[in-house]
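Hello,

Here is the structure I promised to pass on. My notes follow below it.

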Amino acid sequence: MTTNPEVEQKKTVCPLDCPDSCGMVATLERGRIISLQGDREHPYTNGFICRKMRRYHERVYAADRLLFPQVRTGKKGEGRFARISWDEAWDILVARLTQVVHDHGGEAVLPYSYAGNMGTINRFAGHPFFHRLGALRLDETICFAAAGAAWGQHCGKAPGSPPELAGGADLIVAWGINIKVSNVHFWPYVTAARRRGGRLLVIDPYRNATGRAADQYLSVRPGGDAALALGLIKVLVEEDLLDRPMLARETEGFDRLAGYLRRTSWSAFVGQSGVSHAEMRNLAQLLKSHPQTFFRIGVGLTRNSRGGMAVRAILSLAAVLGLFQGGAGRGVLLSAGAFRAHRDKIRFPELAAQKTPIVNMIQLGQALTVREPRIRALFVYNANPLSAAPDTGMIRQGLLRDDLFTVVHEQVLTPTARYADLLLPATTFLENKDLYTTYGQFYMGIAEPVIAPMGEAISNFELFQTLAQKMGFAEPPFLQTVEERITGYLQDMEGLPPGTPPEGPAAGTWLCSTLAESEGNLFRQGGGRFVFARDDEPQIPPFACLTEAGESGDADLHSRYPFELLTPPHVDLLNSTFGERYNALLGEVLIHPEDAAAAQIQDGEQIYLINHRGRTSRFARVSTDTRKGLLIAEGLFWPVEEGGINDLTSQKLSDMGGGATFHESRVTVQKK
Ligand SMILES: Nc1nc2c(c(=O)[nH]1)N[C@H]1C(S)=C(S)[C@@H](COP(=O)(O)OP(=O)(O)OC[C@H]3O[C@@H](n4cnc5c(=O)[nH]c(N)nc54)[C@H](O)[C@@H]3O)O[C@H]1N2
Ligand SMILES: Nc1nc2c(c(=O)[nH]1)N[C@H]1C(S)=C(S)[C@@H](COP(=O)(O)OP(=O)(O)OC[C@H]3O[C@@H](n4cnc5c(=O)[nH]c(N)nc54)[C@H](O)[C@@H]3O)O[C@H]1N2
Ligand code: SF4
Ligand SMILES: [Mo]
């Protein structure tokens with residue numbers, strides 16, 4: 001800590017949609033933030049943060065930050081606006097929403113928000129308002145829906161293993177996750193495990209940054225994980241490498257899965273996964289000879305039409321290996337599940353007079369173009385669908401509609417914000433109070449504002465509390481303060497240590513969940529056990545099994561679009577957040593040398609990626625890090641002239657939970 005009276009330090013929490021949820025320290029000089037660093041006192045952050053967040057304060061003070069309400073003056077999408085006062089903005093907002101509800105009913109209004117700010121209060125700030133208004137409900141499926149449904153199917157309420165446990169593992173398996181990019185605070189546990197002689201195995205269709213740093217890399221066909229994981233169980237069954245007493249004691253329904261695996265021929269597992277029988281036997285031996293194995297499973301592998309099944313099969317493999325029983329260095333982490341609370345306590349669905357129809361956020365394009373009755377008002381906050389949702393060409397078409405009133409509450413002029421009729425300025429997390437739980441580790445914290453709001457920006461919470469009052473909504477949730485909403489949410493929350501004050505931990509302190517099983521059985525507290533097979537959901541197969549591919553297996557599309565495309569995160573972006581730093585940058589696309597040679601594409605050359613949904617452009621990077629026939633385009637950049645990468649992706653849903661299929665598009669390439 002400094003002794004200079006003009007310099008002070010304040011603690012805060014990273015609000016981004018990242019599993020790490022870092023504790024941070026802001027240093028201020030004469031009230032202005034001059035640096036952001038990791039909090040050394042946060043047990044998981046351990047004093048470092050990623051490079052994208054170290055520069056976040058530049059964004060707070062940037063010249064292109066949105067600081068005042070504005071109305072559109074140019075054509076939709078042109079990005080020309082004129083400043084107005086908040087009084088004028090409220091008048092427009094109240095008048096237009098009232099008119100739409102009067103003329104077409106509340107169901108003509110669609111709120112669209114996700115996780116631009118993961119603070120519990122601000123993330124869910126709009127839900128009470130839209131329930132009360134009678135608006136359509138948004139199914140928030142874009143990220144974790146398939147993975148969550150798959151986990152629930154077999155593991156019920158069990159939490160994931162604490163990441164710290166991986167430090168004691170002999171083998172860490174990073175399955176469909178790019179730790180070095182999207183979960184950087186897990187890496188120290190990889191290093192710790194290796195120091196003790198442990199190994200890292202990466203299973204991914206391309207050799208990502210984590211794969212390049214691994215001891216072993218296994219290339220799987222996209223969407224082939226269920227076949228691989230089931231093939232591994234089949235080896236264990238056929239070679240009699242099972243711990244039968246453990247399976248009988250700790251799990252349910254294994255025999256049905258085993259029977260299916262015995263009956264199904266090897267060619268199906270090998271064909272779908274692209275992994276040979278011999279490789280599977282070696283891998284099964286590796287797992288069997290390393291009892292201290294930790295599975296770190298990502299959500300990347302769920303973003304296709306077999307995504308839920310991939311998770312189900314991998315969890316079944318973990319259960320066969322006994323990883324849910326815990327013990328030193330043994331565990332399974334998909335999502336932490338560190339604190340459990342009733343979301344209704346912040347969403348207040350009881351404010352709705354009736355249950356209104358649901359729109360899956362992945363199908364926003366469809367909702368804004370072909371859906372009947374028409375949506376007349378779209379309210380976007382905490383999200384940038386024109387970059388981050390699939391099939392953005394169709395969304396753009398919807399946003400151009402003259403009879404659609406679009407409100408965007410934002411910090412910067414995102415591609416979506418350019419289409420706003422009314423553009424409202426949002427605070428950043430550094431200007432807000434909020435409660436932050438996490439999905440990749442087990443610590444919770446509360447952050448007080450580090451600085452006062454910039455310009456005339458207001459938080460999501462203030463936006464919707466004020467708007468509710470202007471609309472004449474007087475129910476108790478609309479009169480709550482931030483503190484009251486936090487206290488309400490924490491009531492009955494599972495995972496809070498005894499003695500936690502009702503208002504939560506003091507700002508700047510970190511509270512560890514009691515659900516963190518440091519070496520224990522993951523079913524110890526919630527009860528239940530791993531269930532391999534169940535029949536209570538007739539629309540999904542009772543146990544993990546092989547299923548057909550969607551777009552990637554479509555013979556007609558294959559003949560027109562010979563490549564498969566994956567679109568995973570970029571190290572310098574957080575989904576589309578920070579796109580303004582790289583404005584108009586196209587990004588790269590990895591292409592295998594043989595494919596590049598066949599199409600006469602040189603390394604560094606700008607090419608088009610094209611399919612039946614749209615077109616975008618990237619710079620080719622010729623590399624053996626990808627497989628033949630597979631293109632990899634990292635990052636949701638904001639190209640202005642061309643569509644973005646999501647112009648190519650599909651609104652088709654995954655097999656479970658209504659999740660997205662971002663990593664399953666067929667495309668072709670063309671020289672520019
Ligand atoms: N720097 C950075 N960090 C981020 C993000 C970001 O945009 N940038 N996004 C954040 C968010 S919201 C989330 S949800 C997480 C996501 O983080 P992850 O869980 O890591 O998921 P993805 O990044 O989508 O994909 C991870 C890996 O899955 C691989 N993959 C794709 N399809 C398959 C498949 O069929 N099988 C297998 N085995 N692997 C496959 C991809 O090639 C990629 O290497 O990261 C968070 N962290
Ligand atoms: N092709 C492809 N597409 C993907 C993915 C992929 O891997 N491939 N990943 C998907 C995943 S996992 C996710 S989670 C989604 C995320 O999709 P989104 O939630 O739309 O996330 P971002 O693109 O980061 O956009 C968040 C926006 O919220 C704004 N924001 C931040 N804080 C606040 C605030 O307090 N108030 C308001 N009003 N705005 C705020 C930011 O400036 C930013 O523009 O993207 C998905 N899209
Ligand atoms: S984006 Fe992730 S790694 Fe970076 S500071 Fe935020 S929580 Fe930490
Ligand atoms: Mo996500």
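Cys18 counts as buried, at 15% relative accessibility; buried means under 20% relative accessible area, with a 1.4 Å probe and protein chains only. Cys50 is buried too, with a relative accessible area of 17%. The disulfide count comes to 0, taking a disulfide as a pair of cysteine sulfur atoms within 2.5 Å.

This is a predicted model, where local features need pLDDT of at least 70, side-chain atom pairs count only at pLDDT 80 or more, and totals for chains, interfaces and linings use all residues. Residues are numbered from 1 along each chain as its sequence is written, chains are lettered from A and ligands numbered from 1 in the order written, and side-chain values use heavy atoms, without hydrogens and water.

**The sheet**

An open sheet holds 6 strands, in the order S5-S4-S17-S16-S15-S6, with mixed pairing. Strands S5 (81-83) and S6 (109-113) are at the edges; each has a single partner strand, so one side of each lacks a neighbour in the sheet. Neighbouring strands are turned by 20° against each other on average, direction ignored. Pairing takes at least two DSSP bridges between two strands. Strands (E, at least two residues) and helices (H or I, at least four) are DSSP runs, numbered from the N terminus.

S16 (residues 405-410) and S17 (residues 422-425) run parallel, joined by 4 bridges. Val407 stands opposite Leu422 in S17.

**Helices across it**

H3 (residues 86-104) lies across S4 (70-72), S6, S15 (377-381), S16 and S17, at about 130° to S17. H20 (residues 460-470) lies across S15, S16 and S17, at about 145° to S15. Contact means heavy atoms within 4.5 Å. Axes are lines fitted to C-alpha atoms, for helices over the stretch in contact, and angles run from 0 to 180 degrees between N-to-C directions.

Best wishes

Technical notes
Buried means under 20% relative accessible area, exposed over 50%, partly exposed in between (1.4 Å probe, protein chains only).
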